[in-house]
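Open the model in your viewer and keep the selection panel at hand. The tour goes stop by stop: select, look, move on.

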Amino acid sequence: MSMTSMATTALARANRAAVDKATAALAAVSAKEFSSSAMPAEVVLDAAVSDANKLEKKHFEIPEPLMMGPGPSNPYPRANDAMSKALLGHMHAPMFPLMDEIQTGLKYVLQTENEATFGLSASGGAAMDAAVSNLLEPGEKAVVSVSGIWGERFTEKCLRHGAEVVQIRKEAGLTPSFEEIEKVLEEEKPAVLFLCHGESSSGTKQKLDGVGELCHKHGTLLVVDTVCTLVGEPFFTDAWNIDLVYSGAQKCIGCPPGLSPMTYSARAMEKVMSRKSKPDIFSFDVTEVGRQWGFNGDKRPYHHTPPINIMFAMREALQIVSEEGLENSWNRHLNAHYQLWEGLDKLGLKPFVKNPEDRLATVNCIEIPEGLDAGKLIANAYDKFNLEISGGLGGTAGKVFRIGLMGYNCTPRNVESVVTAFEDGLKQQKFL
Ligand code: PMP
């Protein structure tokens with residue numbers, strides 16, 4: 001049986017048991033209290049029902065590739081299995097200790113003691129929207145480092161929000177230096193500086209040490225995107241004085257997507273609390289979300305229904321990361337990165353990021369050799385090896401392949417599979 005159908009069967013079994021129990025209890029009550037003389041009833045229809053979009057009864061096969069692109073990655077099987085537990089009500093008492101555990105695990109992976117640490121019910125990109133909406137009031141200024149798609153997106157979101165943007169632009173494959181950042185902060189004194197720790201469209205890693213202090217000297221809050229780095233690259237929210245960090249579930253944490261880690265420093269929360277206007281996205285307002293998560297007041301009122309099964313998976317994934325330990329996880333990612341480049345180098349493939357220090361371990365960008373049909377190589381990897389690898393994104397589209405070494409998938413064996421798929425693809429096109 002496939003992993004997906006096993007998980008589906010387990011889910012069906014768990015749900016079945018819960019439903020059977022409830023049905024038996026209800027049957028006992030209704031046998032006593034309700035008469036069935038009014039049954040069966042029929043709804044009165046105001047219009048004819050169209051069957052145009054009714055789904056055909058058939059088995060819909062979901063493939064199970066090894067996902068070695070820039071994300072999502074295959075989650076840890078234990079995290080995947082945790083999703084098949086019967087659903088819990090999000091306002092039921094047992095849910096709150098589960099949320100508390102997630103907060104604790106997130107504080108560990110984010111290396112922070114920030115109270116405002118939680119999982120946002122949304123994608124990583126939506127967590128970026130949350131950062132803009134909470135930390136910037138319309139008319140305020142943000143300095144945004146742009147060397148790929150995520151800086152472009154942050155810019156776009158600020159502009160839509162009515163904020164002013166000054167960009168630090170670098171070519172894809174490069175990152176701004178400390179001195180360049182310092183100069184712009186001195187000139188602009190922005191409310192927010194945005195840096196992307198791992199620019200997954202070009203495979204670069206931004207150095208962050210010292211930038212937090214620099215920001216605070218100029219009254220600026222530092223926002224960092226760690227969607228493709230958290231748990232895969234060394235990262236220290238508190239020691240690096242970062243004010244807002246967001247990430248994604250589906251990469252190095254090894255959880256399916258849907259709950260995005262976020263943390264706000266005390267400084268960031270002060271800013272939110274002293275705003276003239278309320279954050280414009282109610283669903284992402286950290287003060288509202290924080291009540292349900294329990295860090296903004298001691299009552300935990302309803303704010304929204306979160307992706308509860310993903311929360312089961314997130315707790316399990318954070319448990320797995322805790323068992324391994326962050327340092328071991330970072331070393332595992334680094335070693336896989338070196339193994340990958342050793343293999344690719346033997347095939348004559350070149351890194352897109354020229355400075356080794358700026359290369360991400362988690363998302364690796366490979367230059368597409370002149371004359372090679374990249375689409376054909378990617379299709380061959382999928383068809384022959386059940387292996388998902390990816391092309392570039394935004395400015396790197398058509399220029400690079402992207403390989404993700406993240407979370408559960410980051411193993412020596414999977415790296416070997418990637419190298420084999422490249423070797424095969426290159427031979428097929430007579431490049432070897
Ligand atoms: N930032 C970075 C660095 C990413 O790699 C991604 C996802 N590829 C995102 C943001 C957006 O995350 P999501 O797809 O979950 O919205």
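A crossing is left-handed if the near helix is turned anticlockwise from the far one by less than a right angle, and right-handed if clockwise. Helices (H or I, at least four residues) and strands (E, at least two) are DSSP runs, numbered from the N terminus. This is a predicted model: local features need pLDDT of at least 70, side-chain atom pairs count only at pLDDT 80 or more, and totals for chains, interfaces and linings use all residues. Residues are numbered from 1 along each chain as its sequence is written.

**Stop 1: the two domains**

Colour residues 77–322 as domain 1 and 325–428 as domain 2. These bounds come from an automatic or database domain assignment. Over C-alpha atoms, the centres of domain 1 and domain 2 are 27 Å apart. The contact takes 25 residues from domain 1 and 24 residues from domain 2. Two residues are in contact if their C-beta atoms, placed from the backbone, lie within 7 Å. On the domain 1 side, select helix H5 (149–161) and strand E7 (204–205); each supplies at least two residues that touch domain 2. That side of domain 1 divides into 9 nonpolar, 12 polar and 4 charged residues. Ala, Val, Leu, Ile, Met, Phe, Trp, Tyr, Cys and Pro count as nonpolar, Asp, Glu, Lys and Arg as charged, and the others, Gly among them, as polar.

**Stop 2: H11 against H13**

Two packed helices are described by the angle between their axes and the distance between the axes. Axes are lines fitted to C-alpha atoms, for helices over the stretch in contact, and angles run from 0 to 180 degrees between N-to-C directions. Select H11 (residues 326–346) and H13 (residues 412–428): the angle is about 25°, with the axes 9 Å apart. H11 and H13 are therefore roughly parallel to each other. Angles under 35 degrees count as roughly parallel, over 145 as roughly antiparallel, 65 to 115 as roughly perpendicular and the rest as oblique. H11 passes H13 in a right-handed crossing. Show the side chains of the contact, including Leu340 and Leu344 of H11 and Val415 and Phe422 of H13. The H11–H13 contact has 8 nonpolar, 2 polar and no charged residues.

**Stop 3: H12 against H13**

The crossing of H12 past H13 is right-handed. Among the contact residues are Leu377 and Lys384 of H12, and Ala421 and Asp424 of H13. By class, the contact of H12 with H13 has 4 nonpolar, 4 polar and 2 charged residues.

**Stop 4: H3 against H10**

Select H3 (residues 95–110) and H10 (residues 308–324), which pack at about 40° with axes 9 Å apart. That makes H3 oblique to H10. H3 passes H10 in a left-handed crossing. Leu98 and Leu106 of H3 are among the residues in the contact, as are Met311 and Leu318 of H10.

**Stop 5**

**Stop 6**

Most residues other than glycine have a negative phi, and most peptide bonds are trans. Go to Gly71 and Pro72: a cis peptide bond joins them, with omega about 0°. Then pick Val231, where phi is positive, about 85°. Val231 lies in the loop between strand E8 (221–225) and strand E9 (244–246).
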